[in-house]
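Okay, thanks for coming, everyone. Let me put the structure up, and then we'll talk about its charged pairs.

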Amino acid sequence: MAEINRAVRGTNDVLPEESYRWQYVERAMLDTARLFGFREIRVPVFEHTEVFTRSVGDTTDVVQKEMYTFDDKGGRSITLRPEWTAGVIRSMIEKGLVNGPLPVKACYIGGCYRYEKPQAGRLREFHQFGIECVGAGAPSADAEVIALAHHLLTHLGIKAFQLQLNSIGCPECRGRYHQALTEYFTARKDELCGTCQDRLLRNPMRILDCKSPVCHEIAAAAPVMLDFLCDDCRAHFEEVKRHLSAAGIDFSVNPHIVRGLDYYTRTVFEFVSDCLGAQSTVCGGGRYDGLIAQMGGPALPALGFAMGIERLLMILEAQHCPIPAEAPCDLYIASMGEAASIEATRLATQLRDEGFSCLTDITGRGLKAQMRYANKVGAKYTMVLGESELAAKNATLKCMATGQETPVALPDGLLKALYDLPRDEALASLTEAVERLN
Ligand code: ATP
Ligand code: MG
């Protein structure tokens, strides 16, 4: 196929017949965010490259291999966001939010771009829902951020997911851990993959995140950060766990979670699901107490998470979680001839003003083809306008679900009939309509 007819590798289209699924989860995300006091922030899709290199970290896969970076025509190095946190924090510092009332709470929904090997659950353009909470250092903040993700997954009807929790300490206790890790991996240096041999020199914790089977196996027996936590970090972690229990949230501690980005401190967590195959993480997050200062802002603690929307939709599908769909059309007006078509336009205008979705024929095709289309798009009611209907100012409203026909005077009888629709009948036809469409 010619390139002009082919989407770029690793990208997806969301077609009109499936977009209701996206709208449903996005609405649930914003609703959940509101329950916890998070409001939406929108930042550009691209930033100066330094925004990401200086925050995400030079030794991460994201910065080393995955960024879409290019020079714009003014010679600036620009990068499409591989994740949202850096851009959101840049904005909060630049616009002074971090100097206002704390904590600053923001959520986001939108695309991310990473040059990765496309496979199920791994795309080059994918979408995230996430939150950032700046200026909250207490353990209750960690629990609140986790509770938001937990609330969302639960209220979407997802049952099979697990929360895994770890603490990766602060720069102080992590220094001692780095030393222990370096000793451990140096002893087995020759067995590590080439990338990890380099990681050993630059950031040994990255090795724990390596996807190569040999490194993974070696990493499984490596020292764990939990054994190196300083008193403050340990106390913080224990209190986070107590808050989670108070919120009724189950978790397991997994000392191998380190997260792929450099800016994390203390609490890190992932929500994983068995339905996702190899790409089992649907949501990842944690605390990044050093990031705001590192990006030129005040020294404020902060934390957040990001959830992959494509992976979330995969779970919803695998677990048959119900997604309510809207019927695309209350009434389809079929028409024959110009005069009827003009009357259809007039009626449709009136009905739409009243809030009914109404379609008319805009192709000029025959009656049979019009009715086939009305059936395909899931019209709840149809009505045919021809010469005789126009002359009599009367038409027949047909309920597509029951076949029941009701004569109506035009235009008032039609409006009245639509208003009198039994509500549950209208609801029952929703699901059917969508099934017909798909
Ligand atoms: P992974 O280990 O799967 O590569 P990650 O640690 O790189 O994930 P994050 O940067 O934490 O992922 O992003 C948060 C979430 O965004 C992930 O848990 C996942 O649901 C989603 N995500 C990340 N990369 C992709 C991708 N290439 N395609 C689809 N979703 C993704
Ligand atoms: Mg990744």
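So, what am I calling a salt bridge? That's a side-chain nitrogen of Lys or Arg within 4 Å of a carboxyl oxygen of Asp or Glu. By this rule we get 18 salt bridges.

Quick housekeeping: this is a predicted model, where local features need pLDDT of at least 70, side-chain atom pairs count only at pLDDT 80 or more, and totals for chains, interfaces and linings use all residues. Residues are numbered from 1 along each chain as its sequence is written, chains are lettered from A and ligands numbered from 1 in the order in which they are written, and side-chain values use heavy atoms, with hydrogens and water left out.

Start with Arg199 and Asp61, whose side chains form a salt bridge at 2.8 Å, N to O. Arg199 sits in helix H7 (residues 194-202) and Asp61 in helix H3 (residues 61-66), so this pair ties together parts 138 residues apart in sequence. Helices here are DSSP runs of H or I, at least four residues, and strands are runs of E, at least two, numbered from the N terminus.

Buried or exposed? Arg199 is buried, at 9% relative accessible area, while Asp61 is partly exposed at 25%. Buried means under 20%, exposed over 50%, partly exposed in between, with a 1.4 Å probe and protein chains only.

Next, Asp142 and Arg287 make a salt bridge, also 2.8 Å, N to O. Asp142 is in helix H5 (residues 139-155) and Arg287 in strand S10 (residues 281-287), 145 residues apart. Both are buried.

Last one: Glu47, Arg90 and Glu94 are linked in a salt-bridge network.
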